[in-house]
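Here are my notes on the model, as numbered points. Please read them with the structure open.

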Amino acid sequence: MELGRLEYLQALVTEFQVTDSTGNKRRCSLSLSVSSVSSHTRRFSFAEAKEQVLANLANFAYDPSNYEYLRQLQVLDLFLDMLTEDNEALVEFAIGGLCNLCLDKINKEYILEANGVEPIINCLSSSNEETVVSAVTTLMFLTTPQSRAQTTALPVVECMLRFSLSANTRLSNLASIFLQDYCSPPQVEEARNLSKHTAVGIPLPKD
């Protein structure tokens, strides 16, 4: 059972290295070596196949018994890489996978040491609600005494203040929890005062 699971995950990450349109090497999960996975993937276009494989990997990240396999196969790096993609679906699945993985202490430390907080913060500007919700939740999970200065930086707190006023109840409730549980009153007050003097901020995601 366990060996079969590892083999399947290995099939999903076998041929990550392909050449993108700029000639740079980029990790993406295509050209799978296991026939059952390959036949399933061939029904999709190139972009759809990438999305399908990344979604599969993100789903496997729900199960703690897969954490060691996913670390071994460098899936955390794959998810971090995909956060800068233009394809919103890839970003959504990548941040969703990271959100699941960072519940684990080892994974959390790896993401922090890999400078993963900045690209996660950038996901707050997405127009995709699922991406934003996962990004907020991931920042919560990544907050430690050592990382707090970065995960609750002033622009992030300003963003959460705006989200807390959103008509989207799911987002506003999550942002309110972030402000209450992860930010100090002085941080919130500073961000609130600054917001009064500027109309520039991270846009709210589309409903």
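1. The chain has 13 helices and 2 strands. Both are DSSP runs numbered from the N terminus: helices are H or I with at least four residues, strands are E with at least two. This is a predicted model: local features need pLDDT of at least 70, side-chain atom pairs count only at pLDDT 80 or more, and totals for chains, interfaces and linings use all residues. Residues are numbered from 1 along each chain as its sequence is written, and side-chain values use heavy atoms, with hydrogens and water left out.

2. Of the 207 residues, 46% count as buried. Buried means under 20% relative accessible area, exposed over 50%, and partly exposed in between (1.4 Å probe, protein chains only). Take contacts between residues at least 6 apart in sequence: 64% of them join residues at least 24 apart. Contact here means heavy atoms within 4.5 Å.

3. The largest nonpolar core holds 53 residues. Such a core is a set of buried Ala, Val, Leu, Ile, Met, Phe, Trp, Tyr and Cys residues joined through side-chain atoms within 4.5 Å. Leu124 and Met160 touch the most other members. Helix 9 (residues 129-142) supplies the largest share of this core, 7 residues. In soluble globular proteins, nonpolar side chains tend to be buried together.

4. Look next at Thr152. It sits in the loop between helix 10 (148-151) and helix 11 (154-164). Is Thr152 buried or exposed? Thr152 is buried, because its relative accessible area is 3%. A polar atom of its side chain lies 2.6 Å from the backbone oxygen of Arg148. Not counting residues up to four places away in sequence, Thr152 touches Val157, Phe178, Tyr182, Cys183 and Gln187.

5. Leu171 belongs to helix 12 (residues 169-182). Leu171 has a relative accessible area of 1%, so Leu171 is buried. Leu171 and Glu129 are 42 residues apart in sequence, yet 8.1 Å apart in space, C-alpha to C-alpha.

6. Now the helix pair. Helix 5 (residues 75-82) and helix 7 (residues 105-113) pack at about 45 degrees, with axes 11 Å apart. That angle makes helix 5 oblique to helix 7. Angles under 35 degrees count as roughly parallel, over 145 as roughly antiparallel, 65 to 115 as roughly perpendicular, and the rest as oblique. Axes are lines fitted to C-alpha atoms, for helices over the stretch in contact, and angles run from 0 to 180 degrees between N-to-C directions. Leu76, Asp77 and Leu80 in helix 5 meet Asn107, Tyr110 and Ile111 in helix 7.

Key. Polar contact = N/O pair within 3.5 Å; in protein donor to acceptor, adjacent residues only side chain to side chain.
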